[in-house]
Amino acid sequence: MPEIVFRTEGITKVYQTGEVKVFALAGVDLSLYAGEMAVLLGPSGSGKSTLLNILGGLDRATTGRVWFRGKELTDLPDRGLTRYRRDHVGFVFQFYNLVPSLTARENVQLVTDVSHDPMPAEEALAMVDLADRLDHFPSEMSGGEQQRVAIARAIAKRPEILLCDEPTGALDSKTGIQVLQVLEEINRRFGTTTVIITHNADIQRMAHRVIQFQDGKISSVHTNDTRMSAEELVW
Amino acid sequence: MMQALDRKLLRDFGRLWKQALAIAMVLACGVTTLLGGLGTYNSLSDTRDTYYERNRFADVFTTVKRAPDRLAAELAELDGVWAVETRTTGYAVLDVPGSSVSVTGQIISLPDDGAPRLNVPIINSGRLPHPDATGGVMVNTNFAEANALRIGDHFFANLNGQKRRLTITGTAQSPEFIYTIGPGALLPNNATFGILWMPQAAVNAAFDMTGAFNDVTLKLAASAQEADVIDSVDRLLDPYGSLGAVGREFQISDAFISSEITQQRVMASILPPIFFGISAFLVSMVMGRIIALERSQIGLLKAVGYSDLEICLHYLLLAALIAVGGILIGWAGGTWLARDMARQYAQYFDFPFLIFSTSGWAYGASAIAALLTTTLGAANAAVRAARLAPAIAMQPPAPPNFKRSLIDRAMAAMRLSQPTVMILRSLLRWPLRSGLTLLGIALAVSTIVSPSFFQPSLDKIIDSAFYESNRQDGMLVMSHDMPLSVTEAAVDLPAVLSSEGQQFHPVVLRNGIHEKRTSIQANPPGTDLSRVIDSTGAQVDVPPGGVVLTDGLAAHLDVGPGDTVEATFLGDRKETHALMVTDTIAQYFGIGAYMDLDDVNALLRQSPRISTINVSLNDADIDALHAELKDIPNLTSVVMMTDARRSFSETIEQNIGIINTIYITIGLLITIGVTYNGARIQLSERSRELASLRILGFTRSEVSYILIGETMLLAVLAQPLGWYIGMVIATGMFTSFSSDLYNLPLVVSPAVFAKASLIVLIASFASVMVVRRRLDKQDLVSVMKVRE
């Protein structure tokens with residue numbers, strides 16, 4: 001049995017947006033294992049992103065507990081969560097979240113500047129096949145390229161876990177598959193625990209495990225006996 | 001190597017440069033006025049103090065009618081006196097070759113053994129006249145330069161009725177005459193008034209003062225109490241016709257410099273806080289918007305592990321970059337201002353050197369003030385950025401919380417158009433921001449309004465002093481009281497059309513614990529040239545036994561019409577009489593008191609006499625008059641009022657022109673800073689909303705109306721507040737500028753308000769129109785696609 005990276009116990013999350021109360025998570029118990037690629041599936045508002053944010057230390061659970069390698073995240077102060085994100089987690093977002101005033105290289109350096117043992121920004125960008133776009137600003141790149149910069153930024157710190165929130169959501173299928181290939185390659189080469197949120201059901205076929213969400217709860221967990229490579233996917 | 005976050009900082013700054021510049025310019029005004037004010041204040045006061053100390057400027061001054069030389073030793077023995085200098089001084093009309101006008105000289109005796117011990121002149125060229133020589137004279141350098149006189153040149157002086165030829169042996173400056181103003185003059189004029197240092201023997205012979213002196217200056221020991229020394233000096237000298245000893249505050253030159261130095265301190269404490277306050281507001285407004293726009297970037301920075309402190313510092317540094325811009329521009333401006341002020345002072349004040357203390361700490365203090373200002377302004381936004389929870393930051397912000405209120409019902413009842421409702425609702429939704437924008441624009445208005453009051457006020461002063469009260473063309477000042485008959489004799493002089501006599505008496509007026517040293521001007525009733533005018537413009541005749549006081553003097557003595565004041569006449573006859581205050585009048589030059597001429601003569605039991613003759617003149621024969629005046633005995637000085645009026649008006653016009661230009665520029669910078677930034681922020685907040693309206697079929701101008709309307713509505717509402725603040729500032733400035741020498745009335749003129757409002761409204765409109773161009777260029781589709 002591989003090592004458990006994340007463990008959650010009965011976590012709930014209540015959001016207050018304006019005057020509306022939203023129950024985003026309603027009791028989630030989950031374990032994620034070292035080196036696995038997990039896909040979280042589910043309709044909008046089912047709680048996937050909320051869980052990912054809590055796992056990544058971007059947000060806190062309203063109730064329940066979360067452990068990262070035996071260390072309880074729920075107890076950490078803000079400073080501790082910052083430290084945790086800085087040292088262990090890489091994020092990829094649907095809308096890339098690049099800083100528009102920085103070039104591809106500089107966007108990656110934003111992370112390498114504050115990491116312990118990062119790879120050079122150029123190397124990270126070469127891994128996502130952008131060695132020739134180092135000095136381009138986000139506005140000068142296509143969506144797929146921007147997302148690959150975001151992935152380079154996430155992996156440059158050599159994180160133990162990679163959390164991807166709808167990484168292909170804003171991309172056409174061809175560029176989407178290119179991005180998934182990069183994620184697959186990183187998961188394989190570095191053994192980085194990778195969690196991908198999507199509501200594209202086709203993507204589940206490349207995962208080790210598929211975790212289905214419904215109304216803030218896990219409705220099913222399913223292990224793929226045979227995985228497809230990203231290259232083989234079609235949607 | 002530069003960190004990626006620092007690059008973001010620099011690029012953001014580069015992108016925001018127009019907004020940053022608009023703020024930096026306002027901040028620069030603060031730095032400029034602080035640096036310029038502090039710099040001028042420090043250099044003036046340091047220069048004065050150093051000059052006084054090096055050249056042993058006296059602490060106590062008095063004049064007497066005639067006191068024997070032996071009293072000098074007794075004065076030196078008095079407790080608290082460190083050094084004494086007794087001198088003979090007097091005025092004389094000079095005949096300077098090449099000068100067609102009458103020139104007045106103040107003659108000061110030099111001790112037999114050489115240079116004076118106190119008020120030591122700095123010899124700029126040549127030497128002191130030989131103690132035994134009767135025709136040698138040292139003059140003040142400015143006088144020599146203004147009249148193109150060199151060492152060895154000569155001129156004539158009418159000394160106590162004798163015309164003497166004097167040869168210049170040297171030129172000098174003195175701490176006693178930094179501000180050199182002739183008797184009766186309103187502004188220094190080096191061409192018509194000079195200081196003449198002559199050997200004691202020669203002066204004493206000329207003024208019939210051998211073995212005696214009429215002027216005393218004293219330097220006190222460090223521990224001495226000035227008031228005690230003054231009392232003992234007065235006790236000693238009273239029998240000799242003393243006019244009463246006074247401290248430096250009554251020494252004319254020092255009074256002018258001190259009042260100037262005080263004004264600088266006031267300016268340095270009023271203006272910079274206004275600019276810094278507006279800058280802080282602008283910074284907070286702009287930073288607040290930047291942080292709203294960069295929400296998701298902040299979320300990202302947090303997600304990748306930047307700490308709250310790093311993010312907070314990042315945004316504070318952005319504000320600090322704006323401050324650095326403002327500081328650099330302000331330093332350049334302040335250095336220029338201090339230099340320019342110093343150059344202007346060199347015109348009026350005769351300093352042998354100027355100590356520039358602008359260096360070091362004033363630069364440091366202004367920079368720290370500017371940095372603190374922007375940091376304070378940015379602090380709230382930066383802390384908010386640091387506190388944003390990363391998961392929340394990455395989501396679009398919740399829509400602003402509009403609530404229905406009474407005002408909404410009122411708007412509905414008025415059937416306002418939706419764009420108008422949008423404007424009003426947005427103003428009410430952010431009342432603090434709307435209020436501060438309004439205040440910012442109001443301050444811009446007040447910046448233009450407050451100095452604009454100088455013009456109508458000075459017009460009022462000039463009108464009152466020159467065309468209502470003092471209508472004479474010239475004043476002939478006699479060396480001592482003369483019989484009334486000389487008034488009639490004056491009509492026989494060339495160019496003189498009419499003449500009126502007048503008497504001036506130094507007095508101390510008292511009411512209980514309040515007292516003031518001034519002089520009483522005594523006129524015959526019904527004079528036409530020099531008149532006492534009340535606030536309605538009617539001529540006031542002072543009834544026998546009564547005295548009329550200027551408002552300032554009455555306030556100082558705490559008396560009003562019907563009250564009694566005690567008047568101690570100084571000089572020959574030291575007598576105290578009770579006088580009834582019959583009226584108080586508004587007057588802007590000096591703090592005068594007025595009596596009836598016959599009444600004064602009767603009160604002092606003296607034959608009818610006068611000390612000054614006022615004349616009206618026929619311009620055609622003026623040269624002949626000047627030629628004749630040079631030879632008239634007992635004439636001390638001649639004041640040509642026509643020239644005084646002209647030079648006063650010209651100087652004032654020029655200075656007011658400069659001041660108004662500077663303040664209008666500052667007002668424009670504030671207006672642009674506030675309205676441009678306000679409109680940019682509004683556009684950025686509302687770009688989707690406005691684009692939606694365009695898509696729904698609103699025209700460009702209908703959409704612009706919302707953008708322009710909000711700013712212009714605030715600008716219009718700000719006007720009355722701006723007028724009010726302007727008046728408050730003007731009142732403060734005028735009160736602080738007013739002294740015994742002159743006071744400024746606040747004349748409220750609608751034109752002042754109209755001009756300021758016009759300037760600010762046009763500038764606001766222009767600033768918003770610049771932003772509107774961006775609105776016109778907006779690509780509707782891309783704006784709608786942008787994710788908040």
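**Salt bridges and the A–B interface**

In this predicted model, Lys8(B), Asp12(B), Arg15(B) and Glu294(B) are joined in a network of salt bridges (a side-chain nitrogen of Lys or Arg within 4 Å of a carboxyl oxygen of Asp or Glu). Lys8(B) sits in helix α1 of chain B and Glu294(B) in the loop between α7 (252–293) and α8 of chain B, so the pair ties together parts 286 residues apart in sequence (helices are DSSP runs of H or I, at least four residues, and strands runs of E, at least two, numbered from the N terminus). Both Lys8(B) and Glu294(B) are buried (under 20% relative accessible area, with exposed over 50% and partly exposed in between; 1.4 Å probe, protein chains only).

Turning to the interface, 28 residues of chain B are in contact with 29 residues of chain A (heavy atoms within 4.5 Å). The area buried between the two chains is about 2400 Å², with 58% from carbon and sulfur atoms (accessible area, 1.4 Å probe, lost on being put together, summed over both parts). Arg11(B), Leu300(B) and Val304(B) supply 21% of the area that chain B buries against chain A, more than any other three residues. Three salt bridges are counted between the chains; Arg86(A) and Glu310(B) form a salt bridge at 2.6 Å, N to O.

Local features need pLDDT of at least 70 and side-chain atom pairs 80 or more, while totals for chains, interfaces and linings use all residues; side-chain values use heavy atoms, without hydrogens or water. Residues are numbered from 1 along each chain as its sequence is written, with chains lettered from A and ligands numbered from 1 in the order written.
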